[in-house]
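Hi there,

Here is the structure I promised to pass on to you. Have a look at it first, and then read on for what turned up in it.

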Amino acid sequence: MPYQTIYSSKSATPMQMDELEELLEHARNSNAERGITGALVYVDGVFLQILEGELEAVQELMGKISKDFRHETVTVLKEGAIPSASFSDWEMAYVSATREQVAEWAGLSGTIAIPEIVTDIRQDPRRATQVAKSILSVLLSRP
Ligand SMILES: Cc1cc2nc3c(=O)[nH]c(=O)nc-3n(C[C@H](O)[C@H](O)[C@H](O)COP(=O)(O)O)c2cc1C
């Protein structure tokens, strides 16, 4: 059974688009080799990432990601075995979003700031599942 980890972290410094693109390019190549798929959202200096794959592969990658100097306060919002990978078409999709969208995905009010959204998701991991589903539907609706 595949394993899924959803985490959030704070960017060490504001990320420029070219830095994000570089990160994604490396991630996609490396994820393809490890059989990892998923999605990354970056909003207001905060990352939300969904990683899926074999348990060992996801945990090994999380070990590396946790030590990455480009971000801090890596906080797992939800993790566990899943019946099948939802993001298997994406080696690492990038989804841009506003904080209002992320709040809506999590079933929260639209005026709330990202750190509070993350706290609320952490307190109720079902919100993380909703966020993952919403990200997937954004990807599926892309032309
Ligand atoms: C927000 C964020 C997300 C990342 N996502 C991935 C990823 O999906 N896959 C990956 O291989 N590296 C990812 N990285 C980079 C890793 O932290 C690390 O640099 C990389 O795994 C080193 O890979 P290598 O040892 O295979 O060269 C991410 C880094 C950050 C800051």
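Helix 5, residues 126-140, lies across strand 1, strand 2, strand 3, strand 4 and strand 5. Against strand 5, helix 5 runs at about 100°. Please keep in mind as you look around that this is a predicted model.

Five strands make up an open sheet with mixed pairing, and their order is 4-1-3-2-5. Strand 4 (71-81) and strand 5 (93-95) stand at the edges; each has a single partner strand, so one side of each is left without a neighbour in the sheet. From one strand to the next, the twist averages 15°.

You can follow the pairing strand by strand. Strand 1 and strand 3 are antiparallel and share eight bridges, with I6 standing opposite I50 in strand 3. Strand 2 is joined to strand 3 by seven bridges, again in the antiparallel sense, and here A39 is the residue opposite I50. These two strands, strand 2 and strand 3, form a hairpin with two residues between them. Look for D44 in that turn: its phi is positive, at about 50°. On to strand 5, which runs parallel to strand 2 (residues 37-43) and is joined to it by three bridges. There, L40 stands opposite Y94 in strand 5. Helix 2 (residues 55-66) also packs on the sheet, touching strand 1 (3-11), strand 3 (46-53) and strand 4. The direction of helix 2 makes about 155° with that of strand 3.

Is strand 3 buried or exposed? Eight of its eight residues are buried, so strand 3 is largely enclosed by the rest of the structure.

Next, the largest nonpolar core, which has 31 residues. Which of them touch the most other members? They are A39, V41, I50, A106, I121, V131 and I135. Two or more residues of this core come from each of strand 1, strand 2, strand 3, strand 5, helix 3 (99-105), helix 4 (114-123) and helix 5. Strand 3 gives the most, with five residues.

Finally, the ligand. Around it are 15 residues, and the closest are A27, S30, K64, D68 and R70. Helix 1 (17-34), strand 3 and helix 2 each supply at least two residues of this shell, and helix 1 has the largest share, with four residues. By type, the shell divides into seven nonpolar, five polar and three charged residues.

One of those closest residues, K64, lies in helix 2. K64 has 9 C-beta neighbours inside 10 Å, so it counts as exposed.

Enjoy exploring!

Best wishes

Key. Residues are numbered from 1 along each chain as its sequence is written. This is a predicted model: local features need pLDDT of at least 70, side-chain atom pairs count only at pLDDT 80 or more; totals for chains, interfaces and linings use all residues. Two strands pair if DSSP finds at least two bridges between them. Axes are lines fitted to C-alpha atoms, for helices over the stretch in contact, and angles run from 0 to 180 degrees between N-to-C directions. Two residues are in contact if their C-beta atoms, placed from the backbone, lie within 7 Å. A nonpolar core is a set of buried Ala, Val, Leu, Ile, Met, Phe, Trp, Tyr and Cys residues joined through C-beta atoms within 7 Å. A residue is buried if 20 or more other C-beta atoms lie within 10 Å of its own, exposed if 12 or fewer, and partly exposed in between; C-beta atoms are placed from the backbone. A residue is near a molecule or strand if its C-beta atom, placed from the backbone, lies within 6 Å of it. Ala, Val, Leu, Ile, Met, Phe, Trp, Tyr, Cys and Pro count as nonpolar, Asp, Glu, Lys and Arg as charged, and the others, Gly among them, as polar.
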